[in-house]
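Visitor: Can you walk me through this one? I'll ask as I go.

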Amino acid sequence: MTRKGFKSLLLLLAAALLLPLCTAPALAAPDARALLKESESRHRTKTQQYSGDLTVVNKEGKVRKKGWNSYRQGYAGDSKNLIRFTDPPEVKGVGFLSLPRPGSDNPDQWLYLPSMKRERRIAPQDRDASFVGTDFNYEDMEEFDHEKYKVALQGEETLDGQPCWVISAIPLEKGSKSIYQKLILYLRKDILYLVREDLIRKGDKEPAKRLVLSDIKNVEGHYVAARMEMTDLKKGSHTTVTLKQISFNRPQPASRFTLQNLTREGGD
Amino acid sequence: MRFLLRHLSLSYARRHLAKTILTLLGVVVGVTTFSSIKTAQDALVVGIGSTVDRVAGKAQLQVTMEGGVPEALQERLRNMPGIRATSPVIEQIVVPEKGELGSLMVIGVDLLGDREMRDYGFEGDDADLDDPLLFLAQPDSALFTREFAKRAGLTTGTSLAVKVPSGVRKVTARGLMSPKGFAQAFGGNLMVVDVYAAQELFGRGRRFDRIDVRLQDGVTVAQGTEMLQKALGPAYRVETPARRGEQMERLVANFTAGFNVSSAFALSIGIFLIFNAFNVSVNRRRRDIGTLRALGATPRQVQVLFLAEALIIGLLGGALGCLAGTAFSQALLVSMGQSTEMVYGISGSGIVHLTPAIVLQSMLLGLVASLVGAWGPALSASRISPTEAFAKGSFQARVQRRVAPRIAAGAALVAGAVALALSNVVRGNGLVLSVLLLGGIGLVLLIGPLSRAVLVALGPLLTRLFPSAGPLSSDSLLGNPRRSAGTIMAMALSLTFVLGLGGYMGSTRLTIVRWMDDILTCDLFVRASANFSRPDFLYPGAVKGEILALPGVRTVESYRAIRPQFHGRQILVGSVEMDTLMQRVRYDFAQGNRDAMREGLLNKEMCAVTENFHDRFGLSVGDKVPLNTPGGMVEFPIAAVIRDYSSDQGAVFLDRKVFLRHWQDDRVDIYDVSVTPGTDPGKVRDAIRAKLSGRYPALISTQREFKDEIGKAIDAFYAVMRITVLLALGVAFLGIVTSLLISVAERTREIGILKALGALPGQIARSVVLEALVLAMVGLMLALPAGNLFAAFMEGPVAKAFTGWAMPHHYPWEVLGQLLVALPLVSFLAAGIPARQAAGVKVTEAIEYE
């Protein structure tokens, strides 16, 4: 055996020994579905309510601010949501209601305008439309439910010093239709809390928008991001929601999440 | 030829610049009239179509229903297979308080999702909807195009006052649109509001004007139409935007058809002016022609020379006329747009475009008119023998030799035109053009000999009335029969047109006024909308009870009109409480009678149709009118045919109960209120105002005011026709000026001799003024019977062909009276320059003149 041949053999041996070591984390990694299930079970609350400050900054730097109260009952796919704008006075009373729709994975959504004294249903065709001029659209206003997606673990990444699982989620589009082709989810490893979502539109390769959840606090024993920022990577605008007066599991009146309440003057 | 042009034509043009310019002016006037009318007419039709297209955006189909599409339909459509997107729309035209900004088309759309359907063009450096939530939350929010905002001085956040049914409302600009796609509709005079705000603003209740539909990829328009039509039933119309545009264009076709007559008239007058100018030019240059012929020029060369002159003048006049026409067309379009908006409730964009087709047509027109006008004189010129040309005065004195055959041919052609008008052989535009052509040529043949006969007969009278000026003017007119006949011909044709159209308009107005006196007999009319054809607000049916409960009110009838398509035409279906209505109105029956109509409409679910409906669709008493209702097709037997002028497309009337039963729509256009005897309608008006105040818009007119408003709508219909009548007078003026200037120039030597013999400048000037007056009055005299025939033709066959209404003939005495005042003034003004020129002729120069 020549000197050169021996060296090659050593390299081959080394490779054979090192390969199992390199692939070990992947093979030992938890299943993405299991991670998301675990995350859901850890953070599931019966109800949530908060006061939010909404700030929209367009690409020219023009700032629009609004305030709202948000109420949620249920979690993920079975959640009901009501948002009522409180500020500025010109938009006070405007309401947004989202209810699960029987037989469909897409919820029913309505917007109520007090000046017209009438609610308007958001059509599925309008799910891509901007939610009242923010960088969120109506689909973004739905609670994330991993069961509506085919999920796969992409790897790990560190965000702001925190190791995260990176999971891809592709809409199944069984009983629904999404405007997105794929979501990339970043789940903090330590608390299994979603801290970032990259949203890739149909036909695109790069994310069109990015949702960053930060300022994570523990409130009443539940982790919650007190700041959400959605950035439109194409338009260059971003919308920030700052959560205040957060509370969990407080009983919500049964009538809160109804159309009658939505259209009621001052109905929270 | 170039040599001849340079030495004969150019030298003549240089020496007689004023006359050459007048010849050119004749072509320019003719082409200007044609091109301005044609450009405005085309822009109006194209504007209507393009507004429909642009507003439609990406919509492939539009779903409409008489009385509006119920809101619930949108949800139904959304859930249908093959539908990609739906979007409700409300359209309305409003006028800003600052009227000079022009009408604004208001489009109510659902901004939550409408970008799937329309491109708003928000993109740009400073472009965006300022705050979408604020836009939706505030009902006064509106989007404007940048171009309109600039004209109105609007910026984001500032307000504009607009007139809406409930009065003047301020709307706030919350965003600006870039001028592309949708924002170019209606010439950019566009205001976008939220569709639900528009419902409130325009009293649409819970209905939309239409729902735009975008189909999923792979679904063809034909498949989509079939699927929707099957699913929705006959009460709904499913059409492509292009088809809707066509229907609107058809609706205004009657209105625009009137302009074809004006264009044809302008063209014929232009030809006459050119003919006259060339005729005189030949006479003036007979010595030059004689010299040319003596030097060996062939008759053909002489004819070609004159035709070449005509060609140059035609090209130049065509180009200038085309440019002038474009300048005038914008004003004409505005007037046309206002008329169609008032009469039909539709309007297009307000911008004219000079299309290559119009340029080509105008140039060809100038060219052909010049060649046609010059053909006869060129032929005459070629036939002048050198001996005849050098013999002074022989050509001038030469009169038409074969008078009798000419009169016979003229009379035969006029008789032929009358026969054609009375027969049903040709219809529509073909009828108008063929009758005008035959009658026009007949008149041309007749006017020459007749005018000479009249001038000869007038000679002694003129001498007796004006001892010095009379013989001079009489000699001048008889001395050059070709020039005189040509001018009188142009005058007579112009005045025939004026008398004919004036008579037609007067007759129409009189007929409608008589009809209004029979039908509009109640004391007050309570309307929510100023627009008769396209009401922008409808009352709920319950308001009737409120008005009826007021003291002094005897009866209230609720009138509702819808405008469905019927065999390709937009007819009117009117409904009202027939029991009380028939007690107070007098119907003029073409078929059936009062009792049959009352019994049929009230107890047998029958309908009454108008005479023009009966003529158009061939349906008579006993026949059934199939109408689409929300519940499906219903056939209404005809109980009577009445003479009624509610719609130029035809109308069907039903009892209100029948309408409510089938259409399930209790909204009301107008409440007809009758007061108890002895009650002051003014007090009842105040009470109604107070009752409706703050809740509904209320335009309350007394019977007199209401009739006046309808009169205004009729005037709007004829507004542009009136402009063409004025134009006819202008052409007559130009004809007289041309003729007199040429007359004075030709008689320079004669005038010089007269002055040398002691004639005073005043006497000479008076003779020129008298000449103008005689020309005009002889033209009028000959136009009297011709104008009467033309008016009868317009009132009868033309009106019947286009509107189905036959107007009883009414002699245009008012127009004649106006002409008897206006013509002497026009003649006096036209004679001003030539008279001054004649009075100022210097004896020494005049003697040398030849």
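**Chains, cores and helices**

Guide: The contact takes 20 residues from chain A and 18 residues from chain B. Contact here is C-beta atoms, placed from the backbone, within 7 Å. This is a predicted model, where local features need pLDDT of at least 70, side-chain atom pairs count only at pLDDT 80 or more, and totals for chains, interfaces and linings use all residues. Residues are numbered from 1 along each chain as its sequence is written, with chains lettered from A and ligands numbered from 1 in the order in which they are written.

Visitor: Which elements give two or more residues to the side of chain A that touches chain B?

Guide: Strand E2 (63-73), strand E5 (108-113) and strand E6 (118-122) of chain A. The largest share, 3 residues, comes from E6(A). Strands (E, at least two residues) and helices (H or I, at least four) are DSSP runs, numbered from the N terminus.

Visitor: How many helices and strands in chain A?

Guide: Chain A has 3 helices and 13 strands. Of its 268 residues, 30% count as buried. Buried means 20 or more other C-beta atoms within 10 Å of the residue's own; 12 or fewer is exposed, and in between is partly exposed.

Visitor: New topic. Which residues touch the most other members of the largest nonpolar core?

Guide: B:Ile447, B:Ala492, B:Val768 and B:Ala772, out of 119 residues in that core. Helix H27 (residues 761-803) of chain B gives the most to this core, with 24 residues. The core also draws at least three residues from each of domain 1 (1-53 + 250-398) and domain 3 (400-519 + 711-850) of chain B. Those bounds come from an automatic or database domain assignment. A nonpolar core is a set of buried Ala, Val, Leu, Ile, Met, Phe, Trp, Tyr and Cys residues joined through C-beta atoms within 7 Å.

Visitor: What does B:Val768 touch?

Guide: Leaving out residues up to four places away in sequence, B:Val768 touches B:Leu740, B:Val744, B:Ala831, B:Pro834, B:Ala835 and B:Ala838. Apart from this core lies another, of 105 residues, with A:Leu82, A:Leu113, B:Val69 and B:Val109 among them.

Visitor: Back to H27(B). At what angle does H16(B) pack on it?

Guide: About 160°, with the axes 10 Å apart; H16 covers residues 428-465 of chain B. Axes are lines fitted to C-alpha atoms, for helices over the stretch in contact, and angles run from 0 to 180 degrees between N-to-C directions. The two helices are therefore roughly antiparallel. Angles over 145 degrees count as that, under 35 as roughly parallel, 65 to 115 as roughly perpendicular and the rest as oblique. Residues making the contact include B:Ile447 and B:Leu450 of H16(B), and B:Met781 and B:Phe793 of H27(B).

Visitor: Where do the axes of H18(B) and H27(B) come, and at what angle do they cross?

Guide: Within 6 Å, crossing at roughly 40°; H18 is residues 481-519 of chain B. That makes H18(B) oblique to H27(B).

Visitor: Last one. Is A:Asp190 buried or exposed?

Guide: A:Asp190 is exposed, because 9 other C-beta atoms lie within 10 Å. A:Asp190 sits in the loop between strand E9 (180-188) and strand E10 (193-201) of chain A. The C-alpha atoms of A:Asp190 and A:Trp165 are separated by 9.9 Å, at 25 residues apart along the chain.

Methods:
Two residues are in contact if their C-beta atoms, placed from the backbone, lie within 7 Å.
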